Amino acid sequence: MADSLRALEERLEQLVPKGLSDFGLERMEDEIDRLAGALAMEEGASSGPTVRKWGIGAAAALGVLAVVYWSPEGGSERGVDHLPGESDLVAAVVSIGDGGRAPQPSVSVWQDVLAAEEFLVLSSARRVQGRQDRGWTPHQDGGAPHRYWSYEVIDEEELVDTRSGYAVRVVSQHEEWVPVEMTSL
Amino acid sequence: MVSRPQKLATTWKEWLSAEGGKLLLYARGRTGSQQDAEDLLQEALIRLWGYQEERGYVPPDLPLAYSVLRLCGLDYGRKQGRRDKRQRKIIQFHDYDEHWLDRGVEEDEEAALLRQAVEQLTDKLQEVVTMKIWGGLTFAQIAEVLRISHNTAASRYRYALEQLDKALRHLKEARHG
């Protein structure tokens with residue numbers, strides 16, 4: 001290879017690939033947690049000792065953690081309650097026990113579950129919906145102008161209180177604004 | 001005690017931190033924006049996790065990651081349509097600055113021109129340069145990813161360097177008259 005091309009090659013090697021954005025990295029790490037959580041559930045379901053370790057109540061809960069009651073704002077449905085101070089956070093207690101024969105837990109049970117000192121995170125997932133262009137801001141304090149994108153983010157977590165075996169699914173919804181620096185071409 | 005899935009999650013996050021930038025650079029060549037490139041990488045990540053089941057879910061090696069990312073990129077291209085992709089690239093390019101390669105603190109003018117020249121390479125040349133220079137793959141590995149011969153991979157790389165050299169000279173002349 002000609003010397004000029006070798007020199008060019010060396011110059012290219014000095015350019016550094018741009019990394020993931022903070023938001024992108026966070027999104028992908030959440031995805032990894034979700035995949036690992038699914039694997040944990042899969043392995044837990046096929047592993048006797050692990051199931052026994054979690055307790056029969058929690059093991060039964062694994063099978064029925066499926067339903068979440070979504071209440072957009074302000075409403076309170078059966079089995080659903082809003083967390084204090086978080087208007088967009090919804091918690092739902094799902095059926096626990098042996099194939100529906102267990103008593104229906106009270107609406108406030110989620111408070112006990114979330115207050116538990118040790119709970120098991122069964123899964124954690126983040127869904128990102130609808131990107132919207134929120135316009136841009138000019139230079140401020142000598143900094144570069146920014147364009148803002150907003151994303152509707154829905155987080156879902158499934159938690160089990162390992163002592164009682166009660167499970168709860170917490171759904172939160174919020175909007176994230178991500179500034180992207182604008183520089184001239 | 002840390003469970004196996006938790007350990008795996010940690011290992012994958014470390015892998016993403018180490019290789020994410022290289023893979024994202026490749027994804028940028030297949031999409032019109034950073035956002036789309038990250039979406040593509042996320043899709044590849046999910047597929048790779050599934051593929052690695054038979055290997056105990058350990059993070060993949062880089063050639064496999066490039067292969068899967070390339071397949072995801074082909075799907076993306078089919079969905080978007082070539083014309084739409086080109087159009088979006090142009091809009092993105094003129095919309096605001098969003099380079100694939102980071103600006104170094106001590107970046108000089110030539111580096112900026114070089115970066116611009118890389119971004120304007122054709123897809124086939126760009127992917128070989130990306131995998132060779134920033135992915136550190138051998139020509140044999142690149143050939144395997146792209147399903148071409150070893151010689152073709154080497155030729156494309158050499159041709160890409162010649163194109164970059166030429167483009168760099170043109171850009172310099174255009175800038176300095």
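The model is a predicted one. Chain B has eight helices and one strand, and along its sequence these elements follow the pattern α-α-α-α-β-α-α-α-α.

**Chain B overall**

- Of the 177 residues in chain B, 49% are buried.
- When contacts in chain B between residues at least 6 apart in sequence are considered, 67% of them join residues at least 24 apart.

**Helix α8 of chain B**

- Helix α8 of chain B runs over residues 150-176, and its 27 residues should span 39 Å at 1.5 Å a residue, which agrees with the 39 Å that separates its end C-alpha atoms.
- The buried residues of α8(B) are Ala153(B), Arg156(B), Tyr157(B), Ala160(B), Leu161(B), Leu164(B), Asp165(B), Leu168(B) and Leu171(B).
- In an α-helix there are 3.6 residues a turn, so residues three or four places apart point the same way.
- Because Arg169(B) and Asp165(B) are four residues apart in helix α8 of chain B, about one helical turn separates them.
- Arg169(B) is partly exposed, with a relative accessible area of 47%, whereas Asp165(B) is buried, with a relative accessible area of 17%.

**Helix pairs**

- Two packed helices are described by the angle between their axes and the distance between the axes.
- The axes of α7(B) and α8(B) come within 8 Å and cross at roughly 105°, and the two helices are therefore roughly perpendicular to each other, since angles of 65 to 115 degrees are classed in that way.
- On the side of α7(B), this contact is made by Phe139(B), Ala140(B), Ile142(B), Ala143(B) and Leu146(B), while α8(B) contributes His150(B), Ala153(B), Ala154(B), Arg156(B) and Tyr157(B).
- Between the chains, the axes of α1(A) and α5(B) come within 10 Å and cross at roughly 90°, so that α1(A) and α5(B) are also roughly perpendicular to each other.
- The contact between them is made by Leu8(A), Arg11(A) and Leu12(A) of α1(A) and by Glu110(B), Ala111(B), Leu114(B) and Val118(B) of α5(B).

- The 18 residues of α2(B) should span 26 Å at 1.5 Å a residue, and the end C-alpha atoms are 25 Å apart, which agrees.
- Gln35(B) lies in helix α2 (residues 34-51) of chain B and is buried, with a relative accessible area of 14%.
- A polar contact of 2.8 Å joins the side chain of Gln35(B) to that of Tyr151(A).
- Once neighbours within four places in sequence are left aside, Gln35(B) is in contact with Arg27(A), Arg131(A) and Tyr151(A).
- Arg27(A) also meets Asp39(B) in a salt bridge between their side chains (3.0 Å, N to O), and this pair crosses between chains, from helix α2 of chain B to helix α2 of chain A.
- Asp39(B) counts as partly exposed at 31% relative accessibility, whereas Arg27(A) counts as buried at 11%.

**Salt bridges involving chain A**

- Over all chains, the structure holds 15 salt bridges.
- One of them joins Glu26(A) and Arg126(A), whose closest N and O atoms are 3.2 Å apart.
- This pair links distant parts of the chain, with Glu26(A) in helix α2 (residues 22-45) of chain A and Arg126(A) in strand β4 (residues 119-137) of chain A, 100 residues apart.
- Glu26(A) counts as partly exposed at 34% relative accessibility, while Arg126(A), at 18%, counts as buried because the limit for buried is under 20%.
- Glu26(A) and Arg126(A) belong to a network of salt bridges that also links Asp30(A) and Asp155(A).

Definitions and conventions: Residues numbered from 1 in each chain as written. Chains lettered and ligands numbered in written order. Predicted model: local features only at pLDDT ≥ 70, side-chain atom pairs only at ≥ 80, totals over all residues. Heavy atoms only, no water. Expected span 1.5 Å × (residues − 1). Buried < 20%, exposed > 50% of the residue type's maximum accessible area, 1.4 Å probe, protein only. Polar contact = N/O pair within 3.5 Å; in protein donor to acceptor, adjacent residues only side chain to side chain. Contact = heavy atoms within 4.5 Å. Salt bridge = Lys/Arg side-chain N within 4 Å of Asp/Glu carboxyl O. Axes fitted to C-alpha atoms, helices over the stretch in contact; angles between N-to-C directions. Parallel < 35°, antiparallel > 145°, perpendicular 65-115°, else oblique.
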